[in-house]
Each structure stands twice: as C-alpha cells, then as structure tokens.
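Me: I'm new to this one, and I'd like a close look at a single part of it. Could you walk me through how a pair of helices packs, and then show me what else is around?

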Amino acid sequence: MSRYDLVVYGASGFTGQYVVEYVHRAAKESNLSWAVAGRSEGRVRAVLDRAGKVVGSDLASTPIIVADSSDTSSLLAMAVQAKVVLNCVGPYRFYGEPVVEACVEAGAHHVDISGEPQFLEKMQLKYHDKAVENGVYVVGACGFDSIPADMGQVCVKQAMGGDVNSVESYLKVIVPDLPGAAINFGTWQSAIHGFAHAGELKSLRKAIYPERMPPTRPKLKPRGTLHYSNIVEAWCMPFMGSDKSVMTRTQRGFYHDKDQRPTQIQAYFQVSSLFSAFSIMLVGILFGILANFKWGRYILENFPGLCSFGAVSKDGVPKEKADNTNFEMILVGEGWRERVCLKGTNDTDATPHHCVPGDNHVGSCQSAQPGNCAECPGTPGSDCSRCDQVSSVKPDRYKIGLPFPPPCDGCEGVDWSGYSVRDVVKIPANLPAGKYILGFRYDCEATAQVWSNCADVVLE
Ligand SMILES: NC(=O)c1ccc[n+]([C@@H]2O[C@H](COP(=O)([O-])OP(=O)(O)OC[C@H]3O[C@@H](n4cnc5c(N)ncnc54)[C@H](OP(=O)(O)O)[C@@H]3O)[C@@H](O)[C@H]2O)c1
C-alpha cells in the first residue's frame, strides 16, 4: 500500500489548523501527498473548510483518517498510511506516547510540537532502540518551542567555526495590542502538567545518559531572575519553556555521538517593562504554587483567564492577534575559533596546528591519535589535559566587555584574543510565516537516530 508523504494528526486543534495551511502550501510546492487525521471526522472536515478559505483552495477532497489516541488500533491504522506523521495532539503527556509507539511500530516517522521535556525524553528512553531498529525518526519540539533556539545555537556554532563555550538566548515576543488571549489553553495545560511533574526529569536523564557531561569553562553564570541586559537593552528573565532542555539535549548528541565539546546554555526572555516583569512574576508564583497540587491544577485548568490575568483562554487566540504576534530571538555565543581539547574525547581535530606531533602526551586525544592535542592552544609546551581542570577563573570575570577567559588553568598570560570570539545570531521578527521553517533540512542520513532537533541540521 502506498503511504501519504505527510499526515497531520490533530488537525482540528488550534495549532493543527495552522499546520494544515502550511502543509497544503508545502505539499503544493514539493508535490507531496497528504492527509489529515483526528478523532472527530466532523471537526477535521470543518478545519479543511476553514483552511481552504484561508489558502484559497478547495481542500474538501483531502483524505481524512479517523484516529483517537485512546484507541491503539486506530493509531496503527493511521501510522501504516503515513511516511511522516505530524502530531499536533497535546498535551503530549496524556496523548503522545501511543502515537509514538504506533509510528515506531508501523515504520512512520514522527514529528511533534511538544514543548514538554518529560515527554520528549521519556520517548527517547523508551523507544530509541526500537526506532533505530525500524529505521524511524522521532523528531520532537518542532515548533516555536524549540526550533529557533535549537537551530540558532547550531548557527552560532557554524558561524564561530570552533568550540562554543556558551550560548545565551534572548527571546522577545511581540504581541499586538488587540483584544483576546495571547496563549491557547492547550499550551497552558501542557505547561501546568509539565511543571507539576518537573521532578521526573532527573531520573529520566540519569537513565538516558548515565554518563555526565564534563564540566566546561569558563563557567556560564546564570543571570538573575530579573536583570537588565546590555546585550538586548531590555529587562530579562529566565525563559521557563523547553528551549534550554532541548538545546542541552542537542549538546548531549554532539558530545556523546560526535565527541564534541558541550556548550553551556541559558535561555532568557525580554519583558517590555518592569511592571510587566512583576506581573509575570506574580502569575509565575501563583502558577508555581497551584500547579503542585491537584486542587491547584483544577483551578488553573478551569479558570485559565483568571489565573493568567487574561493571557490564556479556552477559546484560543483570535486569528488577527495570532497572525500578528511575532518574536525575535538573539543568541549570543562565546567561544573559540578553534576546537579546544576536552578530556575523555577522541577529538583528533582539536586545535591540530597547535599540537606537537609525535609528543606522546596524556590528554584528551591520546587514545585516538597519540601526540595530537599535546598543547593548549597558544601555550607552547603546556599539557592539554589541563584544559579540563576546574577553572580558577572567577565567574564575575565572565562579563560582557571583559576579555574572554582562557579555557584552562596555566593558560593565563597568553594572548587569547585570537581564540576568544563572540558571535551573535539574530532571528528577526516578521519572517514570512512558514518559509524559513520549511527551509530547514534534517540531514537524517548522517546518523542512526535523530532525537534532538539540531544535531544534524544543515541550513539551506
Ligand atoms: N512547540 C510549540 O511551539 C507549540 C506551539 C503550540 C502548541 N504546542 C503544543 O501543541 C499541543 C496542542 O496545542 P493546541 O493549542 O493546538 O491544543 P488544542 O487546540 O487543544 O488541540 C488539541 C488537539 O488534540 C486533539 N485531541 C485531544 N484529545 C485527543 C484524543 N484522545 N485523540 C485524538 N485527538 C485528540 C484535539 O481534537 P478535538 O478537536 O477532536 O478535540 C485537537 O485537535 C499542546 O501540547 C501545546 O503545548 C506547542
């Protein structure tokens, strides 16, 4: 039986409707076959009708597959008809796993827009081996969470050319001053349950990656809960979305699968004023307290507007408001134009022209090619294993405008200016919708499995 190239599952949801519009355009451009799926044929048909009016095409003949996440056989019947399932049914904590399981079983690739780290990492833990065996890709977090941040860090790495010691992302969301909520209930509900079960992450991560990533330095010091950033010239707060965890998982991929030096990550978002910062803090505190209790979650789920000062609604975001909501992201990377030695890796490429061939040294590259990486970059005669010792560099040295500290003890006193670079990638607001997302290509052939968005992304 021939399969549809793409099946949009959860087409009737707030996000699913947009995905239907974009997939229609992409399918037309690239001559792809596609179908829509959901638990209610009537609701999916209504979406086709609405989306058809938006894109100016009659979509009534688009094939419809009826599948309910509580009915495994219906999910399998959907998955066997798809090459790729675009899964928009959330919260993924409740509805996601059976879809992944059906896709892995039926040999259909699975792409989701989950911003729920527990779901993303649990799927990796449970289905990785089977997915590899069946040649299936399970690619998570392919939405606003967390493509810009994850792609952005890869852009920084490409731009810098060498090892990136740290990336800080600064998100700015631009919401037009129009009536109605700014966040749909589905996202709010996913956040409530994600927050309530954040404690699961520790053991999940230990199970997926028993080996810790090595500490790297200079250490990236988290900036305050509320701080003024000279980089983006705005008040900023830590971003509680999935970006940091998705980006860190990509770093896991780079480190474990490719022996690359991990980058430290911090994610922030900009607030428009101190007043809105305090309002957000107030909602955050209320949210944090309530989400921890069953009765509290009941209140959050049943009175979303009240608990969010009107930011969330079960009626969704008005179309005009959603269409004019924008974001901008700035990623600041600091690191070196060179690869830097890292103990325990077989990185024979690390700063090769600073190495002394034939000098059989202990150090990061010993097992792969004895003699390589015998020196820290720029420090004649030094031992590269020192690159991994705990830095004596004080965190307060790691400040914008000050010289970038060297990567190892004993490397002080050397002119590091040739090695310390900062690169900024800006993902501007007002990109034509869909264009750039569809322009990213997942270079899947290169690896056995893609769980993190960016480990193998090539920007076209
Ligand atoms: N990564 C990102 O940037 C991003 C952006 C937006 C949303 N999201 C995530 O995407 C998810 C969906 O958000 P949303 O705002 O689109 O939610 P939504 O409007 O509530 O849509 C949920 C969809 O799931 C379907 N569904 C629910 N239970 C189902 C079941 N048992 N079987 C089959 N389908 C079922 C619904 O179908 P019916 O219409 O039949 O009820 C609907 O199509 C959330 O987890 C949200 O966090 C992520």
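Reply: H10 and H11 are oblique to each other, because their angle is neither under 35 degrees (roughly parallel), nor over 145 (roughly antiparallel), nor 65 to 115 (roughly perpendicular). Helix H10 covers residues 274-291 and helix H11 covers residues 294-302; they pack at an angle of about 130°, with their axes 6 Å apart. An axis here is a line fitted to C-alpha atoms, for helices over the stretch in contact, and angles run from 0 to 180 degrees between N-to-C directions. Helices (H or I, at least four residues) and strands (E, at least two) are DSSP runs, numbered from the N terminus.

This is a predicted model: local features need pLDDT of at least 70, side-chain atom pairs count only at pLDDT 80 or more, and totals for chains, interfaces and linings use all residues. Residues are numbered from 1 along each chain as its sequence is written.

So who touches whom? From H10 come Phe 287, Ile 289, Leu 290 and Ala 291, and they meet Gly 296, Arg 297, Ile 299 and Leu 300 in H11. Being in contact means that two C-beta atoms, placed from the backbone, lie within 7 Å. Sorted by class, this contact has 6 nonpolar, 1 polar and 1 charged residues. Nonpolar takes in Ala, Val, Leu, Ile, Met, Phe, Trp, Tyr, Cys and Pro; charged means Asp, Glu, Lys and Arg; the others, Gly among them, are polar.

Now for another pair. The axes of H4 and helix H5 (residues 117-134) come within 10 Å and cross at roughly 5°, so H4 and H5 are roughly parallel to each other. On the H4 side the contact includes Tyr 92, Gly 96 and Glu 97, and on the H5 side Phe 119, Met 123 and Tyr 127 are among the partners. The residues of this contact divide into 7 nonpolar, 3 polar and 4 charged.

Ser 69 sits in the loop between strand S3 (64-66) and helix H3 (72-79). Leaving aside neighbours within four places in sequence, Ser 69 is in contact with Leu 75, Val 89, Tyr 95, Pro 98 and Val 99.

Stepping back, the protein chain has 14 helices and 16 strands. Of its 460 residues, 42% count as buried.

How values were computed:
Buried ≥ 20, exposed ≤ 12 C-beta atoms within 10 Å, placed from the backbone.
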